[in-house]
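The following exercises are to be worked through with the structure in view. Each task is followed by a solution in steps.

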Amino acid sequence: MDDTVPQKVVVHKDSPRGVHFRRAGPRQKVYFESDEVHACIVTCGGLCPGLNTVIREIVCGLYHMYGVSRILGIDGGYRGFYAKNTVTLTPKVVNDIHKRGGTILGTSRGGHDKSKIVDSIQDRGINQVYIIGGDGTQKGAAVIYEEIRRRGLKVSVVGIPKTIDNDIPVIDKSFGFDTAVEEAQRAINAAHVEAESIENGIGLVKLMGRYSGFIAMYATLASRDVDCCLIPESPFYLEGKGGLYEFIEKRLKENGHMVIVIAEGAGQDLLSENLQPLDQKDASGNKLLQDVGLCISQKIKDHFARQNKMSINLKYIDPTYMIRAIPSNASDNVNCTLLAQSAVHGAMAGFTGHTVGLVNGRHTYIPFHRINEKQNKVVITDRMWARLLSSTNQPSFLDPKDIEQAKKAIEPANGLLDDEQAKKAKEPANGLLDDECPEDK
Ligand SMILES: Nc1ncnc2c1ncn2[C@@H]1O[C@H](COP(=O)(O)OP(=O)(O)OP(=O)(O)O)[C@@H](O)[C@H]1O
Ligand SMILES: O=P(O)(O)OC[C@H]1O[C@](O)(CO)[C@@H](O)[C@@H]1O
Ligand SMILES: [Mg+2]
């Protein structure tokens, strides 16, 4: 019950203990009686490998570990609470679903209406709400939790973080990420085979990653066939000395072919507004991006045609939805199972207002505000990006001015508290930061 997990494992010698989270797991005392539990599960946002596994394991966990049998599936994301039907979930119904991609409950963007959702929870007598989704979904879950608290309802609200983009902070990584990276290898392999089979072949692969380039970075590091990885966090330019065109020319001269991986959110500043207006948003308010892969492919082709000194053969591969619409692999299945079990144990113990997640290799309960305060991004002054640059041997596309700016904009690259932060942090008498632990009813 009292075990905690530190957010930062590497700290200065004299710095304070920092933020700790409650360790997840079964408790000796449970808050809910089995027969009084009425649980529901909802999936929101984009698809991600492993959604069905999490649903399955929540249902089986509640049923087999705690004898809970009243479990509802909410159809079609947040709006399903008030605008759609529900599905009764039993171990039999969910038995085989982990073998399928997608979510048997359906999902959606937009439609988060706090009052209508909490009215529906109240009217149906639901007292455990399991919400599976990405950064937007966790923000929505926090709003629901606050409203439930305001109304004084005895309802546990638990988030299970889902994102192939890996853009949720604090947690080590989200379920589905490994599967997506693995599937991306197939596209990169195809790009490589095409590129090396033809003179001056270029294989260009676009991968998901709206604001965070983790999939592109890990897929590149895993593959070894990638010559250049472009991500939203690392600005790049096309023309002139040190630009992308110059690098392409150099690689083609050296190797006769090359593979480029580009994350969907990279290089948006280089694109024209002709594909869609720049301020267009999806139903959840996420900015709709232009197809950077298509635009950059065309620009590369035009450049080399204009130059007339080298004829190139570019093949553009866009596996976007293929990497997230598949079932989770073995390691993600394990990950999903443990997350679902942690969620069930926490809710049964009466914890609420938190997301379950792996922190430094341990399962924890993380208060919503910690998850929602920022977005996880690749830190281009940190080790991983440096490792990638060493692996591909690509230019950093940065001038010293950009490096200085990036350093100022992010937290310290080595993850250590600087002196100022260290001074601000105070260690409470019992060594635990009370407000960092989910509320215990
Ligand atoms: N700030 C917010 N407050 C309340 N609800 C929100 C907020 N942001 C998003 N939501 C709701 O959360 C749901 C999912 O959000 P979104 O479409 O951004 O996907 P996500 O959870 O971020 O997943 P992903 O981006 O990984 O696909 C939507 O129904 C949306 O209305
Ligand atoms: O087309 P949709 O369903 O909005 O999903 C696209 C988005 O989903 C994500 O994969 C996040 O789930 C982003 O990388 C991508 O921009
Ligand atoms: Mg999101």
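Strands (E, at least two residues) and helices (H or I, at least four) are DSSP runs numbered from the N terminus, and two strands pair if DSSP finds at least two bridges between them. The model is predicted: local features need pLDDT of at least 70, side-chain atom pairs count only at pLDDT 80 or more, and totals for chains, interfaces and linings use all residues. Residues are numbered from 1 along each chain as its sequence is written, chains are lettered from A and ligands numbered from 1 in the order written, and side-chain values use heavy atoms, without hydrogens and water.

**Exercise 1.** Determine the strand order of the open sheet and its edges.

Step 1. The order of the nine strands is β1-β2-β14-β13-β7-β6-β3-β4-β5, with mixed pairing.
Step 2. β1 (4–6) and β5 (86–88) each have a single partner strand, so one side of each lacks a neighbour in the sheet.

**Exercise 2.** Describe how β7 and β13 pair.

Step 1. β7 (residues 156–161) and β13 (residues 354–359) are parallel and share two bridges.
Step 2. Gly159 has Thr355 in β13 as its bridge partner.

**Exercise 3.** Identify the polar contacts (N or O atoms within 3.5 Å) of ligand 2 with the side chains of Arg109, Tyr321 and Arg324.

Step 1. For Arg109, a polar side-chain atom is 3.0 Å from an oxygen atom of ligand 2.
Step 2. A side-chain N or O atom of Tyr321 lies 2.5 Å from an oxygen atom of the ligand.
Step 3. For Arg324, the corresponding distance to a ligand oxygen atom is 2.8 Å.

Terms used
Polar contact = N/O pair within 3.5 Å; in protein donor to acceptor, adjacent residues only side chain to side chain.
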